[in-house]
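Reader: Thanks for sitting down with me. Could you walk me through this model and the terms used to describe it?
Author: Gladly; here it is.
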Amino acid sequence: MKKLLSIITALTVAASATSSLVSCKVITNGFDIEITEYKAAGNLKYTFDTNAGEYVPKTDYTTTEADVKKALDGATGTFASSLVTDMINSLFFNANLSVTQNSKDIWQYLFRTDKEGIYADGQYRTAGLNSSQNEEIDKYYSEIRNITSLLGLMQYSEWTNSNSKEVQSLDESGKPFVLGEETIDLINESNMFESSNNQGITNVKINSIPKLYEGNIGLATKSDNESSDAEETVYEPINITSYEKKYISKETNYNAKTAKETEDSKGEKGYVDYISGTNLSANFFSQLLISSPQADSKPELDIQVQRVEKQSDTSKENFKKQGLVLNSKKDTDPIVFEYTEDEKGNRTSYAYGYSLIPLAPINLEMTYNNDRDLKTGEPKPGSQNYKINLTIDGLSAAFKPVLSFTSNLDLEGNKTDKDGTPYVGWRFMNYQFNSKNIIGYDEQGNQFTDKPSKKMTATNKKFNDFNITNLTFEKA
């Protein structure tokens, strides 16, 4: 069960960025989230194979919808559920209900696009226009390329269907999706944009097929190739271009004593069974994604790992840019992660940035009731249910690189010759409808210091890639 905060109001979108704006007196009604294609996720239960020395799928286990929900939410329990809230908050955003300058600052910031004065929610009021400014609205809609809200899609469709010359002259590939007149009439009939009906969602079905990101690691060759002169020791960089090693295996992170304890008949000791993505100690990098990566793209990038005596100035500058989108780099300079090691063998790594992977569009099927009791959550007598089926594009998954070192121990707890080898893995961190920067960081990768409002947490342009690409609306 998921709770939704007063959707359709301007406060809602603000609430997805910060909880400080939400009054404890706000009435919230729940809605169910279903994963219709959960069986397509495959086998998510893993058990430790003592002979192979690694985790393998548990073949006699049948994956349940609860497993898939748990895996989609990840180790922190927030990924998929917060994404659904983000999508609904954006879809039902209504700029007409903004009543304060603070709320206006917030939603303009979250829907801002790269074009000055153009906002991705698709509503002309966002730009400060009113319904009588026909020429200005025509010009505004001629520059719209994606729409994130149902009201914005309605308004855009109404203007497009009115034979606006500016809008009609657009190249078809550059236009947003347009609703037909029958659909527009039915949506208007439902009164779904009136503030009194802002708790109407009762059920959300995710019809997309979840995809397991296996999360292997790139193991460096353990080598002390170095040259030395009177001033300092120089270590050669190691190229990591292949990610094929298991996180836990006999040659990576492995404890022979723990592996032996796994043979316990109760299965409560040693390397215990787990659902993929829910146990960081079992597999730090595996994660079920809400949909598959587009064109089989992967987050893993070619990396150079280099041991240094002290962190270089270049690395220090890069390390400040923790939010840098690494796979958008245009130059040819290699991505180098440095690490230092002191006389006691303590290592410090200096990995930075993120890899952003575009995901396949998400299909949602929502049940909307046009007259729901705000106190009980129950539909009122005479109310009407509607089924909204829509496709949303523009979602990306953000992966953070981790430079770490193998921990490989024998039965007595002593380090083996495989211990301490550098490796790089990519940990899934969050979903976002923005491809230019990471939540909390600007487009240069630096953490936000300026906020659009004192009451708003630092965040990125969260919805500027969100795009409704298909929609049907009918009585249920």
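Reader: Which residues does Leu471 touch, not counting residues up to four places away in sequence?
Author: Leu471 touches Leu150, Leu153, Phe177, Leu179, Thr183, Ile187, Ile388, Asn389 and Leu390. Contact here means heavy atoms within 4.5 Å. One caution: this is a predicted model, where local features need pLDDT of at least 70 and side-chain atom pairs count only at pLDDT 80 or more, while totals for chains, interfaces and linings use all residues. Residues are numbered from 1 along each chain as its sequence is written, and side-chain values use heavy atoms, with hydrogens and water left out.

Reader: Which members of the largest nonpolar core touch the most other members?
Author: Those are Tyr431 and Leu471, in a core of 107 residues. Helix H3 (residues 79-91) gives the most to this core, with seven residues. A nonpolar core is a set of buried Ala, Val, Leu, Ile, Met, Phe, Trp, Tyr and Cys residues joined through side-chain atoms within 4.5 Å. Helices are DSSP runs (H or I, at least four residues), as are strands (E, at least two), numbered from the N terminus.

Reader: What does the side chain of Ser81 reach?
Author: The backbone oxygen of Thr78, at 3.5 Å.

Reader: What puts the buried residues of helix H8 on the same side?
Author: In H8 (residues 181-190), the buried residues are Thr183, Ile184, Leu186, Ile187 and Ser190. They cover an arc of only 165° around the axis, so they sit on the same side of H8. The arc is that of the directions from the helix axis to the C-beta atoms. On the face turned away from the buried side, H8 carries the exposed residues Glu181, Glu182 and Asp185. The cover over the buried residues includes helix H6 (150-161) and strand S23 (467-475).

Reader: How do you know that S7 pairs with strand S22?
Author: Two strands pair if DSSP finds at least two bridges between them. S7 and S22 (residues 422-432) have two bridges, in the antiparallel sense. In one of these strands, S22, Val424 is the bridge partner of Gly218.

Reader: What makes S7 an edge strand?
Author: The open sheet has the order S7-S22-S20-S17, with antiparallel pairing. Strand S7 (218-219) and strand S17 (355-358) each pair on one side only, and these are the edge strands.

Notes
Buried means under 20% relative accessible area, exposed over 50%, partly exposed in between (1.4 Å probe, protein chains only). A polar contact is a pair of N or O atoms within 3.5 Å; within protein, one must be able to donate a hydrogen and the other to accept it, and residues adjacent in sequence count only if both atoms are side-chain atoms.
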